[in-house]
Amino acid sequence: MRRKLVVGNWKMNGSLAANAALLDALKAGLGQHAADSAVCAPAPYLAQCQAALGGTPLAWGAQDVSAHASGAFTGEVGAAMLADFGCSYVIVGHSERRAMHAESSELVAKKTVAALAAGLTPIVCVGETLAERDAGQTFAVVGEQLGTVLGLLSDADAARLVLAYEPVWAIGTGQTATPAMAQEVHAQLRAQLEQKSAGKVQILYGGSMKPDNARELMAQADIDGGLIGGAALKAVDFLAIIAAAG
Ligand code: PEP
């Protein structure tokens, strides 16, 4: 039985004051849920997360990482730096980075390797655009995105990933994949992971997951939790999704 995991992606939102209020409300409301949970904050706020969340069941992480360990890479943040601030997770290959920063699957794979080398758990995002889905290319697209990452990893390292299926057309749009549509893709991703002896990897669904659709999505056989954008900024919604996970 795989544990459920719910991760909030704050994207480029927040301030010291707003984060303090959100983190206080999350800590107060978290209770004894069976699901694991984490928030992925903008890099400047990781120290705030570390101070606020250390010793609590809520983990924290970053939204991106450099493929390089250190050196002349102005503006980039290395995986060891994220580890210094207590991060457990780092999102890699989010569709906003693939689309707006031209991140290729090869770069995402290198970032995954860098994160693993620093002891972080990479949350590797894959997903198709609406045009790709309409052209019947969903499985080919996500298969290539995951396959390129797995190609750089040993079986043991592949088993240390978290994977997130995020159909691009469902992110921030209010449009959600039906549970059956999501499960179909998750099952294919699971089969691909099994070829690397990594079938136990948690596969999260992301894309307009909200309190009212979370339970049904996470009840699917291969959906092991959620990667939550908009709803992670409201404590009451994020807590309801964690509760729905178990
Ligand atoms: C995301 O940013 O990863 C995401 C899933 O966003 P939203 O929940 O807002 O669709």
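1. Helix α1 passes helix α2 in a right-handed crossing, a term used when the near helix is turned clockwise from the far one by less than a right angle. The contact (heavy atoms within 4.5 Å) is made on the α1 side by Leu16, Asn19, Ala20, Leu23 and Lys27, and on the α2 side by Gln48, Cys49, Ala52 and Leu53. By class, six of these residues are nonpolar, two are polar and one is charged.

2. This is a predicted model, in which local features need pLDDT of at least 70 and side-chain atom pairs count only at pLDDT 80 or more, while totals for chains, interfaces and linings use all residues. Residues are numbered from 1 along each chain as its sequence is written, and side-chain values use heavy atoms, with hydrogens and water left out.

3. The axes of α1 (residues 16-29) and α2 (residues 46-53) come within 11 Å and cross at roughly 30°. The two helices are therefore roughly parallel to each other, the term for angles under 35 degrees.

4. Lys11 is not a glycine, yet has a positive phi of about 55°. Lys11 is located in the loop between β1 (5-9) and α1.

5. Ala102, likewise a residue other than glycine, has a positive phi, near 50°. The loop between α4 (95-100) and α5 (105-117) holds Ala102. Is Ala102 buried or exposed? Ala102 counts as exposed because its relative accessibility is 65%, and exposed means over 50% relative accessible area (1.4 Å probe, protein chains only).

Definitions and conventions. Axes are lines fitted to C-alpha atoms, for helices over the stretch in contact, and angles run from 0 to 180 degrees between N-to-C directions. Helices (H or I, at least four residues) and strands (E, at least two) are DSSP runs, numbered from the N terminus. Angles under 35 degrees count as roughly parallel, over 145 as roughly antiparallel, 65 to 115 as roughly perpendicular and the rest as oblique. Ala, Val, Leu, Ile, Met, Phe, Trp, Tyr, Cys and Pro count as nonpolar, Asp, Glu, Lys and Arg as charged, and the others, Gly among them, as polar. Buried means under 20% relative accessible area, exposed over 50%, partly exposed in between (1.4 Å probe, protein chains only).
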